[in-house]
Amino acid sequence: MVTDVTHLVRPVDAAAVMALPPDRPRLLALGEPTHDEDALLDLRNDLFRQLVEEEGYGTIAIETDCLRGLLVDDYVTGGGAALDEVMEHGFSHGWGAHRGNRDLVRWMRAHNAARPAPERLRFAGFDGPLEITGAASPRQALTALHGHLSDRVDAALLPCAAETLDRLLGTDDRWTDPAAMTDPSRSAGRSTEADRLRLLADELVALLDAQAPHLLATGPRSDWDRARLYGRTALGLLRYHHWMADASPARLARLAGERDRMMADNLLALAARGPALVHAHNAHLQRHKTTMRMGGVPLEWWSAGALVDARLGQGYAFVATALGTLRHRGVDAPPPDTLEGLLYARPEERCLVDAPGLAAVLGEGRPAPRVSPWFGYAPFDPAHLAAADGLVFVKDVRKG
């Protein structure tokens, strides 16, 4: 195996990252191989600050609930909520408890303090309102979309009254029952009410599109963008709940695929608004199918990165992250015949590698895939080197 890759190794900075893709990407995505590590969030923050200040990226999007993220966006653009409230209620998956995310939010607000509104850096969550144990009720997104339209268009054009939505939605706990994740019969996703809500959501989104000239002429673009987000989220949640109620072998793969589809739709909407930086797990941002085993069943689906890449082409760039050790999680030095072992032998504590260049140098002699002793860390598959624009390698990830 080739061991001297010095000519492919660069510092982890904005200039080096921007030199990797052939064109300036509309969406520049940085992946991570594990969550909950402030050392990796610190690296993200350092790199994203440089890319904002030196390259003019105007949005930072991370793997968190897109609706909750609206609270964070309001805060970083000058809103009056307290930071503690924003960190508690503006993030899903417990991400608000991490120092690295708190540091990012504080910096974004400080960065925006002296800037006029059109030049302010924006925050976005691009995940759906989903957790491992289930999905949110479509109530918030659906009623917000209806409210937006009822305030702005002739009531005769609306497909239903707000009271009809409330009746069909019922209580939120019928949608959020955690037992439905493992028992499809507990899900409301294929009830008569859910089918009717799905049709109404589609009609509301169609009305929003049909009224675009009026809505954009009489209100700010930001209101239109938010209404579009509500529409995407309402339809996405109703599709997700539909598949939660499915009892076929395709159920889990469809659920995973629907989540990444919601992510991709949100990322494409951000790209239409302007250049954005993206941070999430490598598995969501890669350009190929994601594969995993759940309950002993092999699953595969197209990742959000693959879906976005199919639409944007060279407008999308993906830089993965790999690591050497994560000793507080039981991940010790990588075997020397792995990709991580090859990079671990180098002197740099962290570096950026030209991934397609490394794939070409290695040729058919690819390193062996690394096997993680801890389920929460996914080693980088060396077979996918050529499909990434770059690879950030962190030698030792220490507990924060």
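A residue counts as partly exposed when its relative accessible area lies between the buried limit, under 20%, and the exposed limit, over 50%. The tour below applies this to a predicted model.

**Two loop residues**

Select H93 first. H93 has a relative accessible area of 22%, so it is partly exposed. The residue sits in the loop between α4 (83-89) and α5 (99-112).

Next, select D36, in the loop that runs between β2 (27-32) and α2 (38-55). Here phi is near 70°, again positive in a residue other than glycine. D36 is partly exposed, at a relative accessible area of 38%.

**The nonpolar cores**

Now display L51 and I60. Within the largest nonpolar core, which has 43 residues, these two touch the most other members. Helix α2 is the main contributor to this core, giving 6 residues. With L51 selected and neighbours within four places in sequence set aside, the residues in contact with L51 are A14, M18, L28, G56, Y57 and L277.

**Salt bridges**

The structure contains 28 salt bridges. Select E63 and R259, whose side chains form one of them, at 3.2 Å from N to O. E63 belongs to strand β3 (residues 59-65) and R259 to helix α12 (residues 251-273), so the pair ties together parts that are 196 residues apart in sequence. Is E63 buried or exposed? E63 is buried, with a relative accessible area of 5%.

Move to R139 and D166, where the closest N and O atoms of the salt bridge are 2.8 Å apart. R139 is in helix α6 (residues 139-150) and D166 in helix α7 (residues 162-169), so this bridge ties together parts 27 residues apart in sequence. D166 is partly exposed, at 45% relative accessibility.

Then select D223 and R152, a salt bridge with its closest N and O atoms 3.6 Å apart. D223 lies in helix α11 and R152 in the loop between α6 and α7, 71 residues apart. Both are partly exposed: D223 has a relative accessible area of 29%, and R152 has 32%. To see a network, select D42, R99 and D103, which are joined by salt bridges that share partners.

**Helix α11**

Finish with the whole of helix α11, residues 221-244. At 1.5 Å a residue its 24 residues should span 34 Å, and the end C-alpha atoms are 34 Å apart, so the two values agree. The helix is mostly covered, with 17 of its 24 residues buried.

Definitions and conventions
Residues are numbered from 1 along each chain as its sequence is written. This is a predicted model: local features need pLDDT of at least 70, side-chain atom pairs count only at pLDDT 80 or more; totals for chains, interfaces and linings use all residues. Side-chain values use heavy atoms; hydrogens and water are left out. Helices (H or I, at least four residues) and strands (E, at least two) are DSSP runs, numbered from the N terminus. The expected span of a helix is 1.5 Å times one less than its number of residues. Buried means under 20% relative accessible area, exposed over 50%, partly exposed in between (1.4 Å probe, protein chains only). A nonpolar core is a set of buried Ala, Val, Leu, Ile, Met, Phe, Trp, Tyr and Cys residues joined through side-chain atoms within 4.5 Å. Contact means heavy atoms within 4.5 Å. A salt bridge is a side-chain nitrogen of Lys or Arg within 4 Å of a carboxyl oxygen of Asp or Glu.
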